[in-house]
Amino acid sequence: MVTLAEVAQHAGVSASTVSYVLSGKRSISANTRQRVEESIRRLGYHPNAGARALASSRSNIIALMVPLRTDMYVPVMMEIAIAVATTARAHGYDVLLLTGEEGPDAVRRVAGSGLADGMILMDVELEDERLPLLRGGDAPGGARPGVRADQPAVLIGLPADASGLTCVDLDFRATGALCVEHLAKLGHRDIAVIGEAPAVYERHTGFAERTLDGLRSGARESGVRLLHRPCEGGYDAMALTLARILDERPGTTGFVVQNESAVEPLLALLRQQGRAVPEDVSVVAVCPEQVAVQASVRLTSVAIPAQEMGRYAVEHLVAKLDGRDGDEVVLIAPELTVRASSGPAPARA
């Protein structure tokens, strides 16, 4: 393994100069910096993580908390995680991935151990139990107090109260309103929403609740009827959900789907029932671009900007670590792309 002293000898400088080039703690001439960086590249030098942490009081690690639940669409979560890891590496940070459902205990563990310089939290609930720790307090109920997360953190998601927090997310409320507005302008008066699994709403997960809020708000403003039904996803669950919707609202001509695993089963069931898309019914989805364009009918959709969310979260966290950024909420405006699955409501409707 190449040592710092060997880099210094190769570049013709002192070991302290190499250290200053790596840490950026002192101003080094451009010529000297260039020689040191060239020696680092040629020799394949990698700073010892433990020694660097001791010298700088930093681990150069970001903790990413992403609980992998069976009722969530894991590919989206992983796309965000990959964007976080790629962006973090570009800023000189590695990522510690925490996938368990530990809640506040994970925040305490990371904060108390010094494992990471900062945290990025996903799967944010409206009343998330992790948030009091990030604000400098204890979790609700006083369970296991004593460790407070006084290190910078960014949420990918938006809780009910975002005060004192930095949050990055798609504007899901605007997303829901945009989907209803699109269908209403096409003349659809009865719209059904096929939502996430019931457990997602039982946890009051932020993105699902805010989308539903936007859907209902948009329906009121557009004067259309809205019916929301959660769905586990998969063919059998979708068949039961669709039967229930058409039994309660037989005049339904517009569907909004916020459940990736329900998309193809819904399209298959509509075909089996002789309901053509978009001639008889229109379908709009909130889903990744790949799901929309690869569906059996190319879906009108609002894409989940997973890469942007991950990148923005890291950039804001790095800025906070460098003392350049305060708390703020960054909501990405939704963009609806019209494809083959939406059209004018049928005349009989």
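Phe172 and Phe207 are both buried, where buried denotes under 20% relative accessible area, exposed over 50% and partly exposed in between (1.4 Å probe, protein chains only). The model is predicted, and local features need pLDDT of at least 70, side-chain atom pairs count only at pLDDT 80 or more, and totals for chains, interfaces and linings use all residues. Residues are numbered from 1 along each chain as its sequence is written, and side-chain values use heavy atoms, with hydrogens and water left out.

Rings of Phe, Tyr and Trp (its six-membered ring) pair if their centres lie within 6.5 Å; planes under 30 degrees apart count as stacked, over 60 as edge-to-face and the rest as tilted. The count by this rule is one aromatic pair. The ring centres of Phe172 and Phe207 are 5.6 Å apart and the planes stand at 55°, so the pair is tilted. Because Phe172 belongs to helix α8 (residues 172-185) and Phe207 to helix α10 (residues 206-222), the pair ties together parts that are 35 residues apart in sequence. Helices (H or I, at least four residues) and strands (E, at least two) are DSSP runs, numbered from the N terminus.

Strand β1 (residues 61-65) is joined to β2 by five bridges and runs parallel to it, with Ala63 opposite Leu96 in β2.

A nonpolar core is a set of buried Ala, Val, Leu, Ile, Met, Phe, Trp, Tyr and Cys residues joined through side-chain atoms within 4.5 Å. The largest has 48 residues, and those with the most contacts inside it are Ile80, Ile120, Ile156 and Leu215. Helix α14 supplies the largest share of this core, seven residues. Apart from it lies another core, of 27 residues, among them Ala237, Ala262, Ala292 and Leu299.

Helix α12 (residues 263-272) is mostly covered, with seven of its 10 residues buried. Its buried residues pack against β6 (190-195), α11 (235-248), β8 (254-257), β9 (282-287) and α13 (289-294), contact meaning heavy atoms within 4.5 Å. Just after α12, Gly274 adopts a positive phi of about 75°.

Thr252, in the loop between α11 and β8, has a relative accessible area of 4%. The Thr252 side chain reaches the backbone oxygen of Arg249 at 2.7 Å; a polar contact is a pair of N or O atoms within 3.5 Å, and within protein one must be able to donate a hydrogen and the other to accept it, while residues adjacent in sequence count only if both atoms are side-chain atoms. Ser341, in the segment after β12 (336-337), has a relative accessible area of 0%. A polar atom of the Ser341 side chain lies 2.7 Å from the backbone nitrogen of Thr300.

Definitions and conventions:
Two strands pair if DSSP finds at least two bridges between them.
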